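Visitor: Could you walk me through how to read the features of this model? I would like the general idea each time, and then the case at hand.

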Amino acid sequence: DFAPVDVAAVARSAERRARNLSVDVVVNAPDHVITDASADDLAEALWILIDNADRHGGETVTISISVEGSGVRVVVKDDGPGIPPDDLERVFDRFHRADPARSGPGYGLGLSIARSIVGRHGGTIIASNTPAGGAAFTINLP
């Protein structure tokens, strides 16, 4: 069920939930960034990205939220080693696990689920690497 959702509040809730993880989560967002969405689904997508950074990233995850035109942009960045360039498009494929991650926990479904959630909201998600080398996932929602 879609309803007006404060994306910044969803991210701050995920930030509080992440206190038990090994990464620090920091949210940079103005108050009251509203879009029509499922709050539970958005929370799940953010949690998947935070969990992914906890497993494969560095020490800090930054969630930046902004209003872009008539939509909302959510960028989740970590300070880890990033994503191998050949895997940037494939990280969203079901069961895909980049070589360094193959020995760790999980089945390679999380990012596929996140892409599905974002797609159900009429949005897009892309993976990239930051100039400093960490991974970045950019979600654009209408």
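Visitor: Why is strand S5 described as largely enclosed by the rest of the structure?

Guide: Because 6 of the 8 residues of S5 (residues 71-78) are buried. Buried means under 20% relative accessible area, exposed over 50%, and partly exposed in between, with a 1.4 Å probe and protein chains only. Strands (E, at least two residues) and helices (H or I, at least four) are DSSP runs, numbered from the N terminus. A word on the source: this is a predicted model, in which local features need pLDDT of at least 70 and side-chain atom pairs count only at pLDDT 80 or more, while totals for chains, interfaces and linings use all residues. Residues are numbered from 1 along each chain as its sequence is written, and side-chain values use heavy atoms, with hydrogens and water left out.

Visitor: Which strands pair with S5?

Guide: Strands of a sheet pair through backbone hydrogen bonds, either parallel or antiparallel. Two strands pair here if DSSP finds at least two bridges between them. S5 runs antiparallel to S4 (residues 60-68), with 8 bridges, and Ile63 stands opposite Val76. Their hairpin has 2 residues between the strands, and Gly69 takes a positive phi near 60 degrees. S5 is also antiparallel to S7 (residues 135-141), through 6 bridges; there Val72 faces Leu141.

Visitor: In what order do the strands of the sheet lie?

Guide: The order is S2-S4-S5-S7-S6, an open sheet of 5 strands with mixed pairing. S2 (24-28) and S6 (124-129) stand at the edges with a single partner strand each, so one side of each lacks a neighbour in the sheet. On average, neighbouring strands of this sheet are turned by 15 degrees against each other, direction ignored. Axes are lines fitted to C-alpha atoms, for helices over the stretch in contact, and angles run from 0 to 180 degrees between N-to-C directions. S6 and S7 are joined in the antiparallel sense by 6 bridges, and Ala127 has Phe137 as its bridge partner in S7.

Visitor: Where is Thr130 found, and is it buried or exposed?

Guide: Thr130 is in the loop between S6 and S7. With a relative accessible area of 16%, Thr130 is buried. Leaving aside neighbours within four places in sequence, Thr130 is in contact (heavy atoms within 4.5 Å) with Lys77, Ala135 and Ala136.

Visitor: How many residues does the largest nonpolar core have?

Guide: In soluble globular proteins, nonpolar side chains tend to be buried together. A nonpolar core is a set of buried Ala, Val, Leu, Ile, Met, Phe, Trp, Tyr and Cys residues joined through side-chain atoms within 4.5 Å. The largest one has 37 residues, and Ile63, Ile65, Val74 and Phe137 have the most contacts inside it. Helix H2 gives the most to this core, with 7 residues. Setting aside neighbours within four places in sequence, the contacts of Phe137 include Leu49, Val74, Phe92, Leu111 and Ile125.

Visitor: How do H1 and H2 cross?

Guide: Two packed helices are described by the angle between their axes and the distance between the axes. The axes of H1 and H2 come within 10 Å and cross at roughly 45 degrees. The two helices are therefore oblique to each other: angles under 35 degrees count as roughly parallel, over 145 as roughly antiparallel, 65 to 115 as roughly perpendicular and the rest as oblique. Val7, Val10, Ala11, Ala14 and Arg17 in H1 meet residues of H2, including Leu42, Leu46 and Trp47.
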